[in-house]
Amino acid sequence: MAGRRRVSGTCAAVLCLLLAGLAGLAGLLGCSGRSAAESDRADVQRVLDRRAAAVLAHDAAAYARTGNSAGLGEVSAIPLAAWSYRVRTVERTGDRATADVELRYRVDGYDRGEVATGRTLRLSRDGAGGRWSVDSDRPAGKSGQQPWDQGAVDVVRGKHSLVLGVGQPTGTLRRFAGLADRAVPAVSDAWDGAWARRVVVVVPRSLEGMAGLLGSPASSYRGIAAVTTGETGGRERAPADRIIVNPDAYGLLGDLGKQVVLTHETTHVATRADTTSATPLWLSEGYADWVGYRTSDRTAAQAAPELAEAVAGGEPPARLPADEDFGFTADAGELARAYEGGWLACRMVAEQWGEDRLDALYRSVGAHAERAGAVEDALHDVLGTTLGDFTARWREYLRTRLG
């Protein structure tokens, strides 16, 4: 029976070719080495390769020949070192297709590696022998927007920063560049690890624009002045960070608050390569706040009003803040106490053991293979103490500084 099946398969293939009459039709009947899906994917990839080359060359005519010309103007001001597409799948219906694509790009002089983001492209072609052309290019379902998805991107260069703005006056973007240019040396003065010493700041039009860039509901970030995006898990997985500003909340801050926020977020960029899944949020957020307030004259009670109120009311925290205490959707007072508690823990280490030990503690925790035991081992190795003793010291520190 096996032999008969092989013979039947061979005869069917020969008959298929005879009926088709032309070798070029064999692929349509399933008799060629390359499937129709593979052929479509290859054809779309060639179009997108030409489109990517046109983006890098700022060639509007070549870009228009690949389809819809929208988008090139929006991205043209960004200094790009790389821009490429990788077609993952193509779903075709007649002369129309939808492609699932990975876009990779790198900002020249700022990104260590390429940013990767999912895109959904719709394409069409005129007639059976026509080339595919791009009709639309949008973020994939679970991917956030890129700045150019929200409009033309304006660019301001600072000494240590690149500010990308959408719908913002040039003067506003220059002020952000000034804040970032002061933040970078302040972070370098505190953090003794190696980092690029430059940042990319993205300033959208509104809170809704920030949420679109992050691919999350606006309600998740209401009241949050800025966040930093990037990949944790070691230096090789930290290719490109972005500080994304919520202009609605940021605009409500005073001069000191604005500088502290930019310095805080810049600290996340500097420490990214040493921040891993083993690093608790009380340490990463607390360290960033410690750097932000490091040169200010604010007292502990002034910078930690929510925690000061709790201590004064006889309700000091019993433990260091847990990761869930930092959720943006948490109670505002609880969120503030978590940040303040992490900051004061790092401030205590800097005062009682020294700033060098604080940096070493941060790196030691991040170097741990997993979360379990990371803090305990680092406290023992770097500070010569236990988690229980450290927590007791921290609670006493809160009472003496906030009581």
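The questions and answers below cover the sheets, helices and pockets of a predicted model.

Residues are numbered from 1 along each chain as its sequence is written, and side-chain values use heavy atoms, with hydrogens and water left out. Because the model is predicted, local features need pLDDT of at least 70 and side-chain atom pairs count only at pLDDT 80 or more, while totals for chains, interfaces and linings use all residues.

Me: In what order do the four strands of the open sheet with antiparallel pairing stand?
Reply: Helices (H or I, at least four residues) and strands (E, at least two) are DSSP runs, numbered from the N terminus. Two strands pair if DSSP finds at least two bridges between them. The edge strands, each pairing on one side only, are β1 (80–93) and β4 (133–139). The order is β1-β2-β3-β4.

Me: How many bridges pair β1 with β2?
Reply: The two strands form a hairpin with two residues between them, and G94 in the turn has a positive phi of about 60°. E91 stands opposite T98 in β2. The pairing of β1 and β2 is antiparallel, and the number of bridges is 12.

Me: What angle does the direction of helix α2 make with that of β1?
Reply: Axes are lines fitted to C-alpha atoms, for helices over the stretch in contact, and angles run from 0 to 180 degrees between N-to-C directions. Contact means heavy atoms within 4.5 Å. Helix α2 (residues 36–57) packs on the sheet and touches β1, β2, β3 and β4. Its direction makes with that of β1 an angle of about 155°.

Me: Which strands stand at the edges of the five-strand sheet, and why is one side of each left without a neighbour?
Reply: The five strands form an open sheet of mixed pairing in the order β5-β6-β7-β9-β8.

Me: How many residues lie in the hairpin between β5 and β6?
Reply: Strand β5 (residues 154–157) and strand β6 (residues 161–165) pair in the antiparallel sense over four bridges. V155 stands opposite L164 in β6. The hairpin joins β5 to β6 through three residues.

Me: At what angle to β8 does α8 run?
Reply: Helix α5 (residues 170–190) lies across β5, β6, β7 (199–203) and β9, at about 150° to β6. α8 lies across β7, β8 and β9, and its angle to β8 is about 10°.

Me: How are α11 and α15 oriented to each other?
Reply: The axes of helix α11 (residues 305–312) and helix α15 (residues 387–402) come within 10 Å and cross at roughly 95°. The contact is made by L307, A308 and V311 of α11 and L398, R399 and L402 of α15. Angles under 35 degrees count as roughly parallel, over 145 as roughly antiparallel, 65 to 115 as roughly perpendicular and the rest as oblique. The two helices are therefore roughly perpendicular.

Me: What is the volume of the largest pocket?
Reply: On a 1 Å grid over the protein atoms alone, a pocket is an open set of points with protein on both sides within 12 Å along at least five of seven lines, and lining residues have an atom within 4 Å of a point. Grid points are joined across faces, edges and corners, and a volume is the space filled by probe spheres set on the points. The largest pocket is lined by 48 residues, with I224, H264, E265, D289 and Y339 nearest its centre. Its volume is about 1200 Å³.

Me: Which element gives the most to the lining of the largest pocket?
Reply: Elements that give two or more residues include α9 (281–293), α10 (300–303) and α12 (332–352). The most, eight residues, comes from α8.

Me: How far apart in space are Y293 and H264?
Reply: Y293 is found in helix α9. Leaving aside neighbours within four places in sequence, Y293 is in contact with V260, A303 and W343. Y293 and H264 are 29 residues apart in sequence, and their C-alpha to C-alpha distance is 8.6 Å.

Me: Which residues lie closest to the centre of the second largest pocket?
Reply: This pocket holds about 550 Å³ of space. β3 gives the most to its lining, with three residues. Of the 24 lining residues, the closest to the centre are V115, Q146, T229, G230 and R242.

Notes:
On a 1 Å grid over the protein atoms alone, a cavity is a set of points where a 1.4 Å probe fits but cannot get out, and a pocket is an open set with protein on both sides within 12 Å along at least five of seven lines; lining residues have an atom within 4 Å of a point.
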